[in-house]
Amino acid sequence: MKQNTWMRCLLLLLLWMPTSWLQAAEPLRIIMTVDWEGDDLRPENLEAMARLRREFPDVPLLHYMNAAYFTKPGVDRAAVRAQIQSVVRKKDQFGVHIHGWKSLFEAAGVTHRTKPSWARGGRPESVQDCRLDCGWEIPINAYTYDELRKVLKTSRVLLKEQGFPGLQHFRAGGWVTSPDLLEALAAEGFRTDSSAVPVPFLASELRGTELLSWLRSYWADITPQSQPYRVKTAEGLLWQVPNNAALADYMTAEATLKVVQDAWKRGQPYVIAGFHQETADDWYDRVSGFLRSLQKLTKEQKALIVFDIMPESFP
């Protein structure tokens, strides 16, 4: 009799609870990422990031760091380190991000390639001589497995020397990939790659570019609903964690929020969003607008949504 009474009380409680409280017990986890392109550290972008940290102090960031900041000719590494650290907070996490910068690849003992290029019209004339640095637009899948391992290893060494720990996670410049790259990541002990992306989010901005064609061939099956999955390579297993909300350069605040709302309604565990350091000032309103809207969503609808960092593995 006591058991029946307890069951009736539990049923009444469930009927009384708001529908939004009956979501899956596990929360939707939002991982906010920053791609550091290795190009420049303009004050307006660092200040935009600092403002974001002040307004949203409880949102950790996964910084995909590019070691090319530390390999450019005549660089003051201590000054660069201080600039980057000025927008880093205690709960943040670090990964590796690589574009085809000449200075970085040569620091790794790899000959810099000048093609192919995803720049509209080919390699810009202004960087032909590479007096400062060049190669941002050269896809890293143009390099071999052995070359990529050298650059991954060098990137980690340089970043660790400058005080950036962890570095178990990776995202390729331009989201470009290849079997050689995935094998090199696994061989170097990386836990995750977050280069997969829903290409329709990028199609308008990248229309007419070689990059868009490449991405369509790599990530045709990736959607905003895509979740982490295991990739088997000749060098071992690797988690692919789709950047399923893309980055703010391509997504309005409303579009990013919709990805989150859909994921929450479907009971999906992860949304990976973010922005670029080099355009943080340009798209500050998009990023801050998304975060404010998300705060409102969680408050008004009791949505079980949390900001998190990247785990080393997934269930």
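Proline 116 sits in the loop that runs between helix H4 (102–107) and helix H5 (145–161). In this predicted model, a cis peptide bond links lysine 115 to proline 116. Its omega is about 0°. Most peptide bonds are trans, and most residues other than glycine have a negative phi.

Leucine 167 is found in the loop between H5 and strand E4 (169–172). Leucine 167 is not a glycine, yet its phi is positive, at about 60°. The relative accessible area of leucine 167 is 0%. Leucine 167 is therefore buried, as that value is under the 20% cut-off.

Tryptophan 175 belongs to the loop between E4 and helix H6 (179–187). Tryptophan 175, a residue other than glycine, also has a positive phi, near 60°. The relative accessibility of tryptophan 175 is 5%. Tryptophan 175 counts as buried because buried means under 20%.

Empty space in the model was then considered. Rolling a probe the size of a water molecule over the atoms shows where such space is left. The largest pocket holds about 560 Å³ of space. Its lining consists of 24 residues. Nearest the centre of this pocket lie Glu37, Trp118, Trp136, Tyr250 and His276. By class, the lining comprises 10 charged, nine nonpolar and five polar residues.

How values were computed. Residues numbered from 1 in each chain as written. Predicted model: local features only at pLDDT ≥ 70, side-chain atom pairs only at ≥ 80, totals over all residues. Heavy atoms only, no water. 1 Å grid on protein atoms, 1.4 Å probe; cavity = no way out; pocket = protein on both sides within 12 Å on 5 of 7 lines; lining within 4 Å. Points joined across faces, edges and corners; volume = space filled by probe spheres on them. Nonpolar A, V, L, I, M, F, W, Y, C, P; charged D, E, K, R; others polar. Helix = DSSP H or I, 4+ residues; strand = E, 2+ residues; numbered from the N terminus. Buried < 20%, exposed > 50% of the residue type's maximum accessible area, 1.4 Å probe, protein only.
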